[in-house]
Amino acid sequence: MNQSPIETALSRALIRWSLTKSTAVAETPRSWIFKVEQNGRNFGALKILKPLAAAEEGRGGRLLQYYAGDGAATVFDIHGDTIFMEWLGGPTLGAPARNGRDDEATAALASLVANLHRPRPDRPDDLQPLRERFEALFQADIRAWPHTARDLYARASGIALNLFDKPMPAIPLHGDLHHDNILSSDRGWLAIDPKGLIGDPHYELANAFRNPYGAVKLAADPKRINAMADTFSSRLGLNRKRILGFAAAHAGLSACWDLTAGNSITADLAILPHLLSAYDQA
């Protein structure tokens with residue numbers, strides 16, 4: 001019987017890395033995820049990339065290799081569109097944030113970013129420039145936005161343009177760092193699923209302001225926004241206004257992605273005005 005492409009990729013991975021068992025865990029729009037075993041003792045994860053996402057996900061896998069397990073999941077090997085990596089089964093950083101321990105989660109995020117941004121040799125040479133990632137914001141048709149929210153789009157895109165007009169030294173960026181992309185492990189909190197960008201370090205914190213998942217009321221709280229900006233700025237030595245600027249710009253970018261995909265932008269419309277207000281007051 002002929003195997004499907006995913007079955008073929010899985011079979012080849014099991015042979016290549018001498019894996020003895022696999023269990024399907026999830027299928028996302030971008031990949032298939034399997035939990036795998038080596039002789040019933042050691043566990044790992046196989047991430048088999050879907051063709052349309054292979055370029056971006058491949059960049060992310062190579063960035064994880066660059067991190068070498070310091071603040072991120074360890075990648076053991078990459079072959080073609082299959083990534084063999086550390087299995088992380090713990091809860092995400094979203095759990096404490098959603099359960100009354102948001103300050104602890106913010107502090108953990110700051111510590112994690114400090115690890116990820118530590119200088120390392122031999123960075124990947126195919127990282128996506130941050131300015132390029134923002135094209136969806138700059139090229140958006142404002143008419144796609146609700147009439148009452150078009151001023152929010154104009155502010156977000158204007159702030160983004162100002163930030164890129166005053167560039168900072170570019171470093172490798174995870175590019176999608178938020179509470180539910182950070183998992184607990186016996187080595188502490190570790191990041192997964194990077195986008196593989198290069199650009200301004202202030203952007204790394206932007207998505208955290210919109211998260212964790214399902215906590216829009218928390219994310220839209222002006223006190224929380226300002227407390228996060230204070231923590232990130234003081235602990236990482238970054239410019240507070242620039243952090244808030246990228247947070248607002250990213251919320252606008254996220255809304256543009258969702259509008260293109262036909263998704264609701266209700267959450268970003270609830271959060272963005274407060275990010276803009278914090279930016280104006282910084």
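Guide: Let's begin with a word we'll need: a residue counts as buried when its relative accessible area is under 20%, as exposed when that value is over 50%, and as partly exposed in between. Keep in mind, too, that what you're looking at is a predicted model.

The structure holds 21 salt bridges, and we'll zoom in on three of them. Start with Asp193 and Lys47, whose side chains meet at 2.7 Å, N to O. Asp193 sits in the loop between β9 (190–191) and β10 (197–199), while Lys47 belongs to strand β3, so this pair ties together parts that are 146 residues apart in sequence. Now use those cut-offs. Lys47 has a relative accessibility of 9%, so Lys47 is buried. Asp193 comes out at 32%, so Asp193 is partly exposed.

Next, find Arg133 and Glu56. Their closest N and O atoms are 3.2 Å apart, and the two form a salt bridge. Here it's two helices that are linked: Arg133 is in α5 (residues 130–133) and Glu56 in α2, so parts 77 residues apart in sequence are tied together. Arg133 is at 12% relative accessibility and therefore counts as buried. Glu56, at 17%, counts as buried as well.

Arg242 lies in helix α10 and Asp200 in the loop between β10 and α8 (216–219), so the pair joins parts that are 42 residues apart in sequence. Arg242 is buried at 11%, and Asp200 is buried too, with a relative accessible area of 6%. Some salt bridges also share partners: Arg30, Lys47, Glu56, Glu57, Arg59, Arg133, Asp193 and Lys195 are joined that way into one network.

So what surrounds these spots? Look at the largest pocket, which has a volume of about 1,200 Å³. It is lined by 46 residues, and Asp193 turns up again among the closest to its centre, along with Asp176, His178, Asn181 and Tyr213. Strand β3 and helices α2 and α10 are among the elements that each supply at least two residues of this lining. Helix α10 gives the largest share, 5 residues. Sorted by class, the lining has 19 nonpolar, 13 polar and 14 charged residues.

In the largest nonpolar core, which has 72 residues, Phe134, Tyr203, Phe209 and Phe232 touch the most other members. The largest share of that core, 10 residues, comes from α10. Take Phe209: leaving out residues up to four places away in sequence, its contacts include Ile243, Leu244 and Ala247, as well as Phe232. There's also a second, separate core of 10 residues, with Ala13, Phe34, Val36 and Phe84 among them.

Conventions: Residues are numbered from 1 along each chain as its sequence is written. This is a predicted model: local features need pLDDT of at least 70, side-chain atom pairs count only at pLDDT 80 or more; totals for chains, interfaces and linings use all residues. Side-chain values use heavy atoms; hydrogens and water are left out. A nonpolar core is a set of buried Ala, Val, Leu, Ile, Met, Phe, Trp, Tyr and Cys residues joined through side-chain atoms within 4.5 Å. Buried means under 20% relative accessible area, exposed over 50%, partly exposed in between (1.4 Å probe, protein chains only). Helices (H or I, at least four residues) and strands (E, at least two) are DSSP runs, numbered from the N terminus. Contact means heavy atoms within 4.5 Å. On a 1 Å grid over the protein atoms alone, a cavity is a set of points where a 1.4 Å probe fits but cannot get out, and a pocket is an open set with protein on both sides within 12 Å along at least five of seven lines; lining residues have an atom within 4 Å of a point. Grid points are joined across faces, edges and corners, and a volume is the space filled by probe spheres set on the points. Ala, Val, Leu, Ile, Met, Phe, Trp, Tyr, Cys and Pro count as nonpolar, Asp, Glu, Lys and Arg as charged, and the others, Gly among them, as polar. A salt bridge is a side-chain nitrogen of Lys or Arg within 4 Å of a carboxyl oxygen of Asp or Glu.
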